[in-house]
Protein chains: 4
Amino acid sequence: MAQQISPLNVGVLGATGTVGQRFLVLLASHPYLRVHAIGASPRSVGLAYPKAVKWKQTTPIPKAYRDLNVSACEPGAFAGCKIIFSGLDADVAGDIELAFRDAGFAVFSNAKNYRRAPLVPLVVPLVNPDHLAIVRQQQQELKKPGFIVTNANCSTTGLVVPLAALERAFGPIDTVLVTTLQAISGAGYPGVPSLDIMDNVVPFIGGEEEKMEWETKKILGSLASTTTGFALRDEMRVSATCTRVPVIDGHTECVSVRFARRPAPDIAAVRAALSAYTCDAQTLGCPSAPVQAIEVHDAEDRPQPRLDRESQAGAAVSVGRIRTCPVLDIKFVLLVNNVCLGAATSSIINAEVACAQGFIA
Amino acid sequence: MAQQISPLNVGVLGATGTVGQRFLVLLASHPYLRVHAIGASPRSVGLAYPKAVKWKQTTPIPKAYRDLNVSACEPGAFAGCKIIFSGLDADVAGDIELAFRDAGFAVFSNAKNYRRAPLVPLVVPLVNPDHLAIVRQQQQELKKPGFIVTNANCSTTGLVVPLAALERAFGPIDTVLVTTLQAISGAGYPGVPSLDIMDNVVPFIGGEEEKMEWETKKILGSLASTTTGFALRDEMRVSATCTRVPVIDGHTECVSVRFARRPAPDIAAVRAALSAYTCDAQTLGCPSAPVQAIEVHDAEDRPQPRLDRESQAGAAVSVGRIRTCPVLDIKFVLLVNNVCLGAATSSIINAEVACAQGFIA
Amino acid sequence: MAQQISPLNVGVLGATGTVGQRFLVLLASHPYLRVHAIGASPRSVGLAYPKAVKWKQTTPIPKAYRDLNVSACEPGAFAGCKIIFSGLDADVAGDIELAFRDAGFAVFSNAKNYRRAPLVPLVVPLVNPDHLAIVRQQQQELKKPGFIVTNANCSTTGLVVPLAALERAFGPIDTVLVTTLQAISGAGYPGVPSLDIMDNVVPFIGGEEEKMEWETKKILGSLASTTTGFALRDEMRVSATCTRVPVIDGHTECVSVRFARRPAPDIAAVRAALSAYTCDAQTLGCPSAPVQAIEVHDAEDRPQPRLDRESQAGAAVSVGRIRTCPVLDIKFVLLVNNVCLGAATSSIINAEVACAQGFIA
Amino acid sequence: MAQQISPLNVGVLGATGTVGQRFLVLLASHPYLRVHAIGASPRSVGLAYPKAVKWKQTTPIPKAYRDLNVSACEPGAFAGCKIIFSGLDADVAGDIELAFRDAGFAVFSNAKNYRRAPLVPLVVPLVNPDHLAIVRQQQQELKKPGFIVTNANCSTTGLVVPLAALERAFGPIDTVLVTTLQAISGAGYPGVPSLDIMDNVVPFIGGEEEKMEWETKKILGSLASTTTGFALRDEMRVSATCTRVPVIDGHTECVSVRFARRPAPDIAAVRAALSAYTCDAQTLGCPSAPVQAIEVHDAEDRPQPRLDRESQAGAAVSVGRIRTCPVLDIKFVLLVNNVCLGAATSSIINAEVACAQGFIA
């Protein structure tokens, strides 16, 4: 059951960017998080939000933001906020997020900068919200109340949800081979030039394969017993190939996995385990968590980005085509909404979990 | 060196369809094959070709065909032709191709109907033109001079070329895992509805994965010593996932392979072997064979369908992103032009090989 | 103020088609219209709806329809329904809709079959709901309570809304020149082959230009004083060019108009008149009518289909780029959601108006 | 008859850009123009061309350029060149082109900077190559042998070809209303972000409508009898609406025109006049001129960018759907390949005309 949570003021950094716009849309209808301040780059500071932003969402700018002025991304401008959501680009996120943490804010970041930091949790809310506990170590080490929580790369996010469901049911997966077909919105705005992607596939996304291979091992790993952070799943072999396709939103991933246990579970058991999977974000009653964490499709040609990406407001992972793999054990196709669960929605659910579990003062 | 070959009359079946149109474009400038008769379904019979066809090529109908009348797909209408190219749909190809073979024609077919027949060679001309030799057994068994040669599914065609190159250099590959991103033209016309594929991926193509997994084992197999046809590579494990993406022409395939030999060759050796690969179709001087069978790309984001599919008139396979696979040995990305090497071009090179080797009377 | 209307049972014909699916989605959350029966072609009859339909909407099949069986399109199967929405294709709509009307149903049709019938109103609900009054003449002539109301072609629908607003403010428009850029969904499913429209424009849509030119004159015409139906606006010159573009939903139209009155109104006046326009469907409190009938955009690059088509659930028309035309008086760009206001939404608002005005027994 | 022209060295400015790449592709196979030097921005200077360029053409970099080094865009680096082709962006073209002219080069420019200059000809080679004669006035005024010739905006280029054909046959056109559907390649690289144009139309291209409306009047105007340059067609009313659509190459334009002469010519006469049109660039034997200046299509759904843009190497204009306009006299649809005739090809034919007519020393 969800507890009642009192309204909380939040700030959004990078509010004019693609991820920032999505944060604002999602937070406009949030039951208890209230956008109190928004930050962007110097050229936007002081402008009313509609003047500062090149709005690219398919819904109009929510009324609440029409008179909000853009602040500098400095902690002083965010007094009164308990939580900071960061949609900053990686090239500026490092220093700014640190400054907010040092100033005592709970920072929930989409940027990649601190994902590999030993005491920073890398949390996919449908998978490892228990990793949030490590923020106590951040606070102790710094002797300050602030902390940083990161969420994962959008492609990693989609992958680890069914992997976690399968590991819970059948024990360790030792091998994962994944090929992604990623949407253009994953590259932000202006992002991918149309001349590069119309009638085309670009079989390369800089740094993406490394992120998928590494982040998966941290997210599916465990809190170490010591104060040194996480025990990574170093024994797991993960091979990722990442491609860009002419799709606006929604990353498709073709996945083959091998279980450590012999014999491997059969297809029916795998299907049942995926469908039955629930996570703490759901049991804690987080309002942005999906009702069904994994939507299993039985139609032979699903999931498809255009038809399935908006299901449950893009907060779940869709899985279909579960079948035997002639090389590993099983294979399937998954779809994750890269701009929702793959980005802002994860940050928000992470914050909701942190609120529900008392990490926010 | 290429021998001089005298002009030969050929017929094209299914001449109004997508593959048939491509045959006609390619043959219009062929050095010695001359289109003498064309066949299509009953509603087209008797019409001048331009009246019968819904032409969808990006070049105009070649002049040679503007006054050619469409015949019925019956052997009697193709007297004077030595070779028959079939671009017929699978639902009619079975009976018609058989009738032409029984009437003594050399039939080169794109249809899937006879690919699994024991005495019918399944020939990717850059890989196994030596399999053509089995047509002698077809002729003996039937006591007739006609025979059928098939070429492979378009996705299989792209895959087996680099696999053959690697096996020649490094011995058997025991494991292949491939994910395809296939163009819409692979489905013919009208084919894929635009509402199904714009801003979308369809992660399923009926029968395609089975074709890739099975055909690969026949093509990379060998002529059996007996008269029973082919020794398939049954010990090879092949896992294929096939998807459709919004690309007009050109199938992209993400491939991981494992070699039997330990240690596996390194990346540099693999790159060199792919680049050095040559095939009989080249040494025989077949005019439609590519100069470079495999084009190796070193740019990190190539090959790409829009930029690379027309290279060498679509008769080669492009390979890039050769790198270590954390699960199998190596992985790479390939591109095959599905309407050229993946279809009509293969049939034509197969016929050229057959001419050069004396299989055509 | 909206009056309170009691729940009413409705039937949907052509329920498995593109328009039929849209009807079902819209009606699933309607405040007083309840889907009681659905009809489709013989091969679907008797099947549960999810078995019968190839669902192509971006939201799942609403729960209410999961156990609903498909009926034959015969009046007997729709007993208990007061209103029939027809999403039938034109090739079958003629006889079936007539049968339902003769059986006493109020039929609201998307099909083109009866749009030109003298006593059948062609109603764009944001423009000429007063034309509904002619159904009394239908009933009198037939001495039956049933009647047929049609809504307009999707492109016509978008055009006439701003034309009506301008005529109300400034008097007759005597000349209209329009070029459309129409979405693929306007052609239904399977509709436009992807090979025809990807990376392409098709500058022709069969019958569309004639429909735009003729329907505009009926919709903007008036009920004749006699019983002979409508006085068309035959003096108005309308020139339409219709093209298909690679857009999923949302027709863009580039419009130039000339007013009879001299001098013509200036841009500011035109902008104000469009923005201020309201219609009876709004004042009657029809629940599916938009709050703002015409959304005027001031950004120089709007409206755009992807960004603006979902505004107000696709029930309004967006207009932008209002400027002087060097040839006629003014020009502007409009956007209409062809699957919403351009199709099912119009039928539903028409039915709501008919309910509010007492045309439904 | 074409005269024999001796090989001539040329230079290309902006050689790494979209237009520059196209110049290089076209010139690689030119019968007498030889690329001798190439210029680009400072960061490319000194690099071998393949290192400097992000090559986006569908054919590989021609061999001739693989070892060519990039020079600074300064006249001193282009000694030995008689002709300079400029594919420079407008923000730098102004000063650089002037410097080359002052240094005595014949500059053929795609940039917009000097199109409105009184003594600079704005030449669409299929329309007004006679305007080249004004370069004598440039030379006299400057007392230098150098001159600048510009070609028109890509959309204007497509429009004026059929207008010129119609005026030659039927006398003055007094009114033109055109709506364009322009390809993304018209915006260069990176150009249009994919997020802005996939599944979308952008009904605005900055400055484009003004260019079409103004340039048409200069191109269809005449050399003034005095030394003051051109007599513009100021009495002609031209109204342009320009939109961007998801098409890679090829601008479609929907055109309505009114003739001064009454009665207006009928459709058959218009068709015949367009088809019969020939221009000086053809009679002079310019090697890059099309054989057929205007390709008239009779199929009701042509021309289409994907199917027709490569016809005659993109050097002609395709026209179809010629029919009566209920508002003006006639209307039709045209297609121009914006990267060929709409850009580099026009510059090259202009240079060919200049060579043939003795303007190049």
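## Briefing on a predicted model

Chain A exposes about 12300 Å², of which carbon and sulfur atoms supply 53%, with accessible areas taken from the Shrake-Rupley method with a 1.4 Å probe. This is a predicted model, in which local features need pLDDT of at least 70 and side-chain atom pairs count only at pLDDT 80 or more, while totals for chains, interfaces and linings use all residues. Residues are numbered from 1 along each chain as its sequence is written, chains are lettered from A in the order in which they are written, and side-chain values use heavy atoms, leaving out hydrogens and water.

**Fold of chain A**
- Chain A holds eleven helices and 14 strands, counted as DSSP runs (H or I of at least four residues for helices, E of at least two for strands).
- The C-alpha trace of chain A spans about 60 × 50 × 35 Å along its principal axes.
- Of the 361 residues in chain A, 65% are buried, meaning under 20% relative accessible area (1.4 Å probe, protein chains only).

**Relation of chains B and D**
- The same surface serves both copies, since 100% of the contact residues of chain B recur in chain D, where contact means heavy atoms within 4.5 Å.

How values were computed. Buried < 20%, exposed > 50% of the residue type's maximum accessible area, 1.4 Å probe, protein only.
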